[in-house]
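The sequence and the structure are shown first, and a description follows.

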Amino acid sequence: MTSGILVAGIGNIFLGDDGFGPEVMRHVPQRLAGPRVRLRDYGIRGVHLAYDLLDGVDALILVDALPNRGSPGALHVFQADHETLSATAGLDAHAMDPAAVFASLNALGGAPPDTVVVGCEVAKVDEGIGLSDPVAAAVPAAVKALEDMVAQLLVSEQVG
């Protein structure tokens, strides 16, 4: 893919609510994919996401679990600030947090695209498969937010 929108679900399904991104991607309607939109569940394969970003995309939508700030299940949609996402420089094939992905991308000679995060505050990240009730309840709203963001980005591409 040399341009367009990449929608990337990230997270570890074996750590409870950390599997939010992959679970949302399971519910995204495939009709959303097309010549300008690519849907992909990366799970914990951060280096694969970094390499795919090297191919060049206009925009990245990351679907991920967020730290609990007192409201498990709360959905947040925001523009990622690449300047404040700092991680140890270099390539880390086992890291999946966005900062590590962008550090890997930089180490490979690439630059991160405009990035929107669709995230949900976790309730638990203990070992085990399955989302907590409040995080599972946020999945449909996350799918809707994702669809809305893709539509907004596609319209802005046509304008720009």
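Against which helices and strands do the buried residues of helix 3 pack? They pack against strand 1, helix 2, strand 3 and strand 5.

## Basis of the description

This is a predicted model, in which local features need pLDDT of at least 70 and side-chain atom pairs count only at pLDDT 80 or more, while totals for chains, interfaces and linings use all residues. Residues are numbered from 1 along each chain as its sequence is written, and side-chain values use heavy atoms, with hydrogens and water left out.

## Overall organisation

The protein chain contains 4 helices and 5 strands; these are DSSP runs numbered from the N terminus, with helices being H or I of at least four residues and strands E of at least two. Along the sequence their pattern is β-α-β-α-β-β-α-β-α. Of the 160 residues, 45% count as buried (buried means under 20% relative accessible area, exposed over 50% and partly exposed in between, with a 1.4 Å probe and protein chains only).

Among contacts with a separation of 6 or more, 79% come from residues 24 or more positions apart (contact means heavy atoms within 4.5 Å).

## The sheet and its helices

The 5 strands form an open sheet of mixed pairing, in the order 2-1-3-5-4 (two strands pair if DSSP finds at least two bridges between them). Strand 2 (37–43) and strand 4 (75–79) are the edge strands, each pairing on one side only. From one strand to the next, the twist averages 20° (axes are lines fitted to C-alpha atoms, for helices over the stretch in contact, and angles run from 0 to 180 degrees between N-to-C directions).

Strand 3 (residues 59–66) and strand 5 (residues 114–121) pair in the parallel sense over 8 bridges, with Val63 opposite Val118 in strand 5. Helix 1 (residues 20–27) packs on the sheet, and its direction makes about 120° with that of strand 3. Helix 2 (residues 46–54) also packs on the sheet, touching strand 1, strand 2 and strand 3. Strand 1 and strand 2 run parallel and are joined by 6 bridges, one of which pairs Leu6 with Arg38 in strand 2.

## Helix 3

Helix 3 (residues 98–107) is largely enclosed by the rest of the structure, because 8 of its 10 residues are buried. Those buried residues include Val101, Phe102 and Leu105. Just after helix 3, Gly109 takes a positive phi of about 95°.

## Salt bridges

The whole structure holds 6 salt bridges (a side-chain nitrogen of Lys or Arg within 4 Å of a carboxyl oxygen of Asp or Glu). In one of them, Asp58 pairs with Arg36, the closest N and O atoms being 3.0 Å apart. Asp58 lies in the loop between helix 2 and strand 3 and Arg36 in the loop between helix 1 and strand 2, so this pair ties together parts that are 22 residues apart in sequence.

Arg40 forms a salt bridge with Asp52, with the closest N and O atoms 2.6 Å apart. Since Arg40 is in strand 2 and Asp52 in helix 2, the pair ties together parts 12 residues apart in sequence. Arg40 is partly exposed at 26% relative accessibility, whereas Asp52 is buried at 15%. Another salt bridge joins Lys144 to Asp148; both residues lie in helix 4 (residues 133–159), 4 residues apart, about one turn of the helix. Salt bridges that share partners join Arg38, Arg40 and Asp52 into one network.
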